[in-house]
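Reader: I am new to protein models and would like to learn how to read one. Could we go through a few features together, step by step?

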Amino acid sequence: MSQPPHSVSPQQPYERRWLMLIILLLAGFMNLIDVNIVNVALPSLQRNLEASPSQIEWVVAAYILAFAIGLLPFGRLGDRIGRKRMFLLGVSGFTLFSALCGMAPSINWLVAARALQGFSGAMMMPQVLAIVQVIFPPHERGAAFSFFGLSAGLASVAGPLAGGLLINADIAGLDWRPIFLVNIPVGIIALIAAQIVVPSIPGDRTIKNDTGGTLLAGASVFLIIFALIEGRGFGWPIWIFGLVALALVGFGCFYAFEHKREKTNKAQLLPAHLLSNSNYMLGGLMVVLFFSGVAGFFMVLALFLQSGLGFTPLQSGLSTIPFPVGVLLISLVNNRLGSRFLRQRVAAGTTLLVGAMLWLRIVLPEVTSFADHWTIAPGLFLGGVGLGGTISSLFQSVLANVPTRDAGSGSGALQSFQQMGAAFGVAIVGQIFFMVLDGQGGTGDRVAYAEAIRAAISYEFLAFGSVAILVTFFLKAPKEKEAHGTVHHAPVAD
């Protein structure tokens, strides 16, 4: 079998590029479905591994946090040493650490393996988009990128359902473990196929990494997430607030460090002029707020349905299907609208999400069994429509006023903001949920769980409502030439 070419050009497109796209999508699908599948398994994990509430939060947050911290530096490293090489390293690591997750004898082992899994995902995913950008000729890129949106939509639908089916089947008495072990054969197939089909794209050894900026940003994010997740368990001692203060100092140092590197013409993790772009930074805040609402909600919803109401993992997965269906359907409309009415679509989508959360806050306490799950379907579907209508429009709105030369780094940084927001949401919403649950008399009481999720949903109002206000009254309208002349491909929620 002949090896793929080491270089391709738009004049002579790589003949196996569509087969290559399927392989890249398979790896990306493995990553996306893993994010969605874990929420359904949380109650089983908590029971089987005797985990505390904060440890359960870390199962979700460790992956998201590692993924967020690794996106920019690993994307840059792929440019330096070769994107295929970095992609293969990422797939190998993801497969290996999925096996370690599935074999975890304790919750601490699982959290550590999830963090390593997140770093592997961060090695893999930036290379996927970059390879497509290089291999496909300009007139085919739009069609190629559209498959990523479809793949993400299918993963959001399949994740909860697959998780429920695997746990419910209790294969070989393994309970929740197959949700991770299933990645092993998928990863091996993707690894072998990628080695054969994906072309080798030479790296640029002159590219330098911003190691200091990476360490400052990563440490600052970790400190604040650790404080938010562990604060309640330690009784909010003074040193927890000290960690938050230290994190804020770290962010300030990162800002100064990046500006210093710009003055000396050195590589920056996030270009300093983007840090000084008020519209971009406001957009970054909106992305953090928006995704903090999304990630936190699904974690506590799974706990409410299974631990509070006694749903099986399969019933829990089936109950949440209207949400990804809404995402999938509105994505078809988004493709037709392109770059039109961006800010209006963000405002409309976040307003729909506020309405959906209001609906769920009212009806969730009335659900007592699986037979009642249809009462939450309209709220979940409405939320899915709002989410799907917002994501692409939000990223395009923020990037529209970013200079073309910074489009790559600006988009990559927004993906990191997205994952950081998700980690913040898991920490904040989890704290609200478990604090109210403890105050209501602890676990095992349906009423206590109902009060806990009602309180947690209050944060969703704040997050989504703030984005609607900011995009309507504060975010600058995109410049005409940027809005219609340049297309920025935004990532899809995981």
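This is a predicted model: local features need pLDDT of at least 70, side-chain atom pairs count only at pLDDT 80 or more; totals for chains, interfaces and linings use all residues.

Reader: Is Ser-319 buried or exposed?

Author: A residue is called buried when its relative accessible area is under 20%. Ser-319 has a value of 1%, so it is buried. Leaving out residues up to four places away in sequence, Ser-319 touches Leu-305, Phe-311, Phe-370, His-373, Ile-376 and Leu-380.

Reader: How should I describe two helices that pack together?

Author: Two packed helices are described by the angle between their axes and by the distance between those axes. Here, the axes of H1 (residues 17–48) and H4 (residues 107–135) come within 10 Å and cross at roughly 155 degrees. Because angles over 145 degrees count as roughly antiparallel, H1 is roughly antiparallel to H4. Their crossing is left-handed, and the contact of H1 with H4 has 13 nonpolar, four polar and three charged residues.

Reader: Where does Gly-82 lie, and which residue 118 places apart from Gly-82 in sequence is 7.4 Å apart from it in space?

Author: Gly-82 lies in the loop between helix H2 (53–81) and helix H3 (83–102), and the residue in question is Ser-200, with the distance taken from C-alpha to C-alpha. Gly-82 is buried, with a relative accessible area of 4%. Apart from neighbours within four places in sequence, Gly-82 is in contact with Leu-77, Ile-201 and Gly-203.

How values were computed. Residues are numbered from 1 along each chain as its sequence is written. Side-chain values use heavy atoms; hydrogens and water are left out. Axes are lines fitted to C-alpha atoms, for helices over the stretch in contact, and angles run from 0 to 180 degrees between N-to-C directions. Helices (H or I, at least four residues) and strands (E, at least two) are DSSP runs, numbered from the N terminus. Angles under 35 degrees count as roughly parallel, over 145 as roughly antiparallel, 65 to 115 as roughly perpendicular and the rest as oblique. A crossing is left-handed if the near helix is turned anticlockwise from the far one by less than a right angle, and right-handed if clockwise. Ala, Val, Leu, Ile, Met, Phe, Trp, Tyr, Cys and Pro count as nonpolar, Asp, Glu, Lys and Arg as charged, and the others, Gly among them, as polar. Buried means under 20% relative accessible area, exposed over 50%, partly exposed in between (1.4 Å probe, protein chains only). Contact means heavy atoms within 4.5 Å.
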